[in-house]
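Here is a short tour for anyone meeting this protein for the first time. Have the model open and follow along.

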Amino acid sequence: MTDSSPLSIRTLPEPAAILWLIKPITWFPPMWAYLCGAVSSGASPEGQWVLLFLGVLLAGPIVCGMSQAANDWCDRNVDAINEPDRPIPSGRIPGRWGLWIAIFMSALALAVGWQLGSWGFGATIFGVLAAWAYSAEPVRLKRSGWWGPGLVGLCYEGLPWFTGAAVLSFGAPSWPVIIIAALYAVGAHGIMTLNDFKALKGDRQTGINSLPVTLGPERAARIACWIMALPQVAVIALMLMWDKPIYAAAITLLLAGQILAMTVLLRDAKAFAPWYNGTGVTFYVSGMMVAAFALRAMA
């Protein structure tokens with residue numbers, strides 16, 4: 001008997017599988033961060049709508065989508081253990097198509113980034129190189145529970161924030177903008193650590209030393225909570241120092257909501273990590289926009 005199922009003879013990827021590969025649900029954080037950067041710059045969007053649109057498109061569907069494709073290609077053996085129904089291990093994206101898609105999107109990112117001027121293009125180069133450094137051998141920073149989430153947090157929150165501010169202001173952002181973007185990028189390390197909980201089994205078997213693997217889920221979750229919270233405390237302190245008490249109060253309330261969600265998370269970190277990513281993280285990114293408007297008022 002021969003197997004004549006579609007997956008056994010597939011030579012081209014399924015369109016729906018390509019969309020799954022580039023994971024639209026992951027595009028929101030960098031798109032939001034780019035908008036935060038644009039707001040924080042103090043520049044008027046009037047006459048710059050194309051730059052705003054291209055930047056959001058670049059940060060989300062193109063660069064973030066490319067990074068997801070590259071990660072899935074480089075993680076195809078891990079995914080065969082953790083999630084065998086994903087596009088590459090399931091065969092819905094056959095052969096080396098996953099790699100080719102990631103390479104094509106890398107080139108597309110550079111082409112679009114070129115349209116955003118020197119600051120936008122430089123940030124795009126960094127983002128593309130970082131995506132491959134995170135996933136691909138021999139660098140594969142994903143193997144480290146410290147460097148991997150740190151790089152992703154930087155590229156998801158800090159880099160697009162910096163880029164949005166630089167592109168709309170046609171120059172380097174002010175130091176307050178850079179500092180706030182950096183603090184939220186550091187806090188995103190904790191968010192990325194929680195994202196690692198879903199891959200515990202495969203990570204253990206393939207030598208990926210995420211914090212949940214090396215420290216255990218409970219301890220890793222506690223550290224992630226501290227990493228998320230402390231930079232926001234620093235943001236609140238800076239808002240008070242810059243005479244922005246209303247913005248400081250709003251961010252404090254949003255941090256309080258996260259702390260309440262953290263108490264639920266820490267009851268069973270492995271079970272509640274996905275729940276926290278849909279609740280506590282919403283408060284986190286809301287605080288980012290509040291901080292962006294505070295910076296705009298200072299511009």
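This is a predicted model: local features need pLDDT of at least 70, side-chain atom pairs count only at pLDDT 80 or more; totals for chains, interfaces and linings use all residues.

V177 counts as buried, because its relative accessibility is 4% and the cut-off for buried is under 20%. You'll find V177 in helix 10, which covers residues 175-195. Leaving aside residues up to four places away in sequence, V177 touches S40, W161, A165 and L295. If you go looking for A229, it sits 52 residues from V177 along the chain, and the two C-alpha atoms are 19 Å apart.

Most residues other than glycine have a negative phi, and most peptide bonds are trans. Against that background, have a look at the bond joining E137 and P138: it's a cis peptide bond, with omega at about 5 degrees. P138 lies in the loop between helix 8 (117-135) and helix 9 (147-169). R140 is in the loop between helix 8 and helix 9 too, and it has a positive phi of about 40 degrees despite not being a glycine. F170 also has a positive phi without being a glycine, near 55 degrees in its case. You'll see F170 in the loop between helix 9 and helix 10.

Are R140 and F170 buried or exposed? R140 is buried, with a relative accessible area of 8%, whereas F170 is exposed at 63%.

What about the cysteines? A disulfide is a covalent bond between the sulfur atoms of two cysteines. A search of the whole structure turns up 0 of them. Take C64, which is in no disulfide: the nearest cysteine sulfur belongs to C155 and is 10.0 Å away. That pair doesn't qualify because the cut-off is within 2.5 Å. C64 is buried, with a relative accessibility of 3%, and C225 is buried as well, at 6%.

| Residue | Relative accessible area | Class |
|---|---|---|
| C64 | 3% | buried |
| R140 | 8% | buried |
| F170 | 63% | exposed |
| V177 | 4% | buried |
| C225 | 6% | buried |

Key:
Residues are numbered from 1 along each chain as its sequence is written. Side-chain values use heavy atoms; hydrogens and water are left out. Buried means under 20% relative accessible area, exposed over 50%, partly exposed in between (1.4 Å probe, protein chains only). Helices (H or I, at least four residues) and strands (E, at least two) are DSSP runs, numbered from the N terminus. Contact means heavy atoms within 4.5 Å.
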